[in-house]
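Dear colleague,

I am passing on the structure we spoke about, together with some notes on what came out of it. Please look it over first and then read on below.

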Amino acid sequence: MTQKTATTHDTLLAIRNADGGWGYAPSRASRVEPTCWSLLAMSRSSGRPIDIEVLLRWKRQDGWFVDIPGAPVNYAFNALAALTLGTDPQGAAHALRIASQLLEVRGMKFAQGKEIRQDNSLQAWSWIDATFSWVEPTTMCLLLIKKVRANLPAAAANDRIDIAERMLLDRACAAGGWNYGGSNVYGQELFPYVPTTALGLLAMQDRAKDPTVQRAHQWLQKDALTEASAQALSLALIALGVFRTPAPGVEQALRKHLTDNSSEVGVMGLATAQYALTRSPNGEAAFAL
């Protein structure tokens, strides 16, 4: 453990809530996303099994993890929770239940229009129910389904994987990589972003030879430093690591960002950076296929 990651580890430990979770900022209510990333980071830096007890105690709504009872279920965060649970044998059954539920979830489809050049019939995954399919929730849910597909009904899993992959290939930006939703609007090509492209690569890592995935990989290698946030740099470093692409410049930029902005980096930035900067003998257990 390096001095920097040790300091980040200690910081995460110090700001952990009494219920075992983490909020998006210190002393804020525990939320699914920062809790999962912090658990993954703490396990990776300590070399110990992940502490899934807080997730096993987490409030549920019809089997889904929720931040606020009665609020819409966030499917991306449930996929992240399942990926986190799946790193521990005791959490595997819980992860599989979430994956099984996600097989039944579909984003809305819309009629084709001239405004956006994309296939609106592809129903991948949305952030919440009754909304459009977006890149981020699709990548997280797709990665989860791929990781546990051997234990899911084959026809249903294959169908959801096929649709989600087609959706991501359809929405890829001309420059390579992914925007948050579509790749164009009113005839204008949209820019890809580092976090979405990194997540897209994680979800499509088993399709590394596909020309669209190769363009995304090339774009991320070239442009990973264009978004100077801890979370963007961390996700880029994780994705490039899964693709076995050395990225010393990204790692250096992330360490410098943490040093120069130590008082401003939030919990998500700290947790993703801790995870990205810590080498593990188990590799990318949570995110590699």
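In what follows, a salt bridge is a side-chain nitrogen of Lys or Arg within 4 Å of a carboxyl oxygen of Asp or Glu. By this rule the count comes to 13 salt bridges, and please bear in mind throughout that this is a predicted model.

To begin with the chain as a whole, its secondary structure comes to 12 helices and four strands. For 289 residues a compact globule would have a radius of gyration near 19 Å, and the protein chain, with 18 Å, agrees with that expectation; its C-alpha atoms fill a box of roughly 50 × 45 × 30 Å along the principal axes. Buried residues account for 53% of the chain, and among contacts between residues at least 6 apart in sequence, 60% join residues at least 24 apart. The accessible surface comes to about 13000 Å², and carbon and sulfur atoms contribute 53% of that area. As for charge, there are 28 positive and 26 negative side chains, with the centres of the two sets lying 3 Å apart.

Which residues are linked in a network of salt bridges? They are Lys 146, Glu 165, Asp 206, Arg 207 and Asp 210. Because Asp 206 lies in the loop between helix H8 (194-203) and helix H9 (211-223) while Lys 146 belongs to helix H6 (residues 135-148), the pair ties together parts that are 60 residues apart in sequence. Asp 206 is partly exposed at 42% relative accessibility, whereas Lys 146 is buried, at 6%. Asp 210 and Arg 207 also form a salt bridge, at 3.2 Å, N to O; here Asp 210 counts as buried at 15% relative accessibility, and Arg 207 as partly exposed at 27%.

A further salt bridge joins Asp 170 to Arg 171, with the closest N and O atoms 4.0 Å apart. Asp 170 is partly exposed, with a relative accessible area of 26%, while Arg 171 is buried, with 1%.

Finally, a word on Ser 262, which sits in the loop between helix H11 (248-260) and helix H12 (267-277). Ser 262 counts as exposed because its relative accessibility, 55%, is over the 50% cut-off. Although Ser 262 and Thr 8 are 254 residues apart in sequence, their C-alpha atoms are 9.7 Å apart in space.

Note on methods: Residues are numbered from 1 along each chain as its sequence is written. This is a predicted model: local features need pLDDT of at least 70, side-chain atom pairs count only at pLDDT 80 or more; totals for chains, interfaces and linings use all residues. Side-chain values use heavy atoms; hydrogens and water are left out. Helices (H or I, at least four residues) and strands (E, at least two) are DSSP runs, numbered from the N terminus. Buried means under 20% relative accessible area, exposed over 50%, partly exposed in between (1.4 Å probe, protein chains only). The radius of gyration is taken over C-alpha atoms; the globule rule is 2.2 Å times the number of residues to the power 0.38. Contact means heavy atoms within 4.5 Å. Accessible areas come from the Shrake-Rupley method with a 1.4 Å probe; for residues, only the protein chains shown count as cover. Lys and Arg count as positive and Asp and Glu as negative; His and the chain ends are not counted. The place of a charge is taken as NZ of Lys, CZ of Arg, CG of Asp or CD of Glu.
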